[in-house]
Amino acid sequence: MRRYSGKSERKPGLLANRRMEKLSSTVNDLFQKAVENEQILHRYQQFELKLLDLVGFKDLLDMLIHHSLEYFRLDCVELWLYDPQGALEELLPDEYLSMPNLRFLSRVDELQALYSEPPTVRLVSMQDGAMVDSQPLVGFGDKMLRSGALLPLVRHGVLVGGLHFGAKGPQRFTGDKSTDFIAHLASIVSVCLENVVNQERLHRLSMYDVLTQVKNRRAFHQALDNEVSRAARSGDPLSLLFVDLDYFKQVNDTYGHPMGDKVLKEVAQYINEMLRKTDHVCRYGGEEFALVLPNCGQQRAMEIAERIRQQISELVVAYDVDSDTENTDGLTEVSVTLSMGVCCWIPMDGLDDEIEHDIARELVACSDRGVYQSKAAGRNCIHYVDLEPQPALAVDKAEDFLEEV
């Protein structure tokens, strides 16, 4: 009979224990990885839901360029958008156009050079040297970033932009990592970008006059209310100019409505080019325009009004009434003049919302009254009408309150 020593008898047990420990460690690692993936997925889903709730172009840019930095613990984010006609830039105020991490591209080949065909997410790291040629993408040169993720934004099979994530850690984005979550995020961003741009364009259409391409009456009232509130907070003066084309009905009756339309368009665009970007040029109705001039006092407003009046009086609008034929005798030239009314408000402390509304209403009434005075004086001139003193408005409100009591 063969006999085994105690040491030999314990060996199979030790091997089994080691296998169990290794298996337990592997299961633990897999479980921990599953938990981490679930947390990452939840984080991405929460961010995507926030994106889907946004309705404005500016809000989307803020979320992508600024909030994503902290949310995903990144060191740099850049957004490139293909915008050959400058249509996207027109939807944004100047402060957004100057954002260092936002680029509008006129050529799509700058984007196509970053991705394969079809475009897919790229993860690059300085460790394998792949990042060297991609440094300019996310500011790697001056921010000391060591890895990055390049997310192509694609809609209906067309590359419309790129979202670039950068990190200082070389292990954050490496080629051996899965891109499922980040690729899904790129798809959501692409959808959100299309949605907010379409909404901005619809909003713009609702706030702009189709013929003259300046703001319409609805936008005027919104702009005036906003500027009154802003002036009340800052204490800066606010001026309103009403502009009416003289004898415009005769232009339509004599030369036809196409000629009248061209006169309106050229006058509107001419005035728009003469003013600041912070001013509001609006078509109030028919041949009447309203100009809201923030941070502009009475003297300056009168100077602006006189410059507009004089230069428009020298403007000659040419229109070919026989544009569909080769007859050059149909060329018609028309000159117009303007009657203008001006009013200015210098804020005082202690205004409530109701008095602010009265200020806007009084500015409109006084400026409109100035137009009628200019027409009564022979047209092609300007009249200034003083705004009702602000304390009087407060007195009226107090009297109304006492009467109600």
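## First sheet

Cys-76 has Gly-166 in β5 as its bridge partner. Six bridges join strand β1 (residues 76–82) to strand β5 (residues 158–167), and the two run antiparallel. Strands here are DSSP E runs of at least two residues, helices are H or I runs of at least four, and both are numbered from the N terminus. Two strands pair if DSSP finds at least two bridges between them.

This is a predicted model: local features need pLDDT of at least 70, side-chain atom pairs count only at pLDDT 80 or more, and totals for chains, interfaces and linings use all residues. Residues are numbered from 1 along each chain as its sequence is written, and side-chain values use heavy atoms, without hydrogens and water.

The open sheet has five strands in the order β2-β1-β5-β4-β3, with mixed pairing. β2 (102–105) and β3 (122–125) are the edges; each has a single partner strand, so one side of each is left without a neighbour in the sheet. The twist averages 15° from one strand to the next. Helix α2 (residues 57–71) lies across β1, β2 and β5, at about 150° to β1. Helix α6 (residues 180–207) lies across β1, β4 (147–155) and β5, at about 45° to β4. Angles run from 0 to 180 degrees between N-to-C directions, with axes fitted to C-alpha atoms, for helices over the stretch in contact. Contact means heavy atoms within 4.5 Å.

β7 and β8 (residues 288–294) run antiparallel, joined by five bridges. His-280 stands opposite Val-292 in β8.

## Helix pair α9 and α10

The axes of α9 (residues 257–274) and α10 come within 11 Å and cross at roughly 140°. That makes α9 oblique to α10. Val-267, Tyr-270, Ile-271 and Met-274 in α9 meet Arg-307, Ile-308, Gln-311 and Ile-312 in α10.

## Salt bridges

The structure holds 13 salt bridges. Each puts a side-chain nitrogen of Lys or Arg within 4 Å of a carboxyl oxygen of Asp or Glu. One of them joins Lys-375 and Asp-246 (3.3 Å, N to O). Lys-375 is in helix α11 (residues 353–376), and Asp-246 is in the loop between β6 and α8 (248–255), 129 residues apart.

Note on methods:
Parallel < 35°, antiparallel > 145°, perpendicular 65-115°, else oblique.
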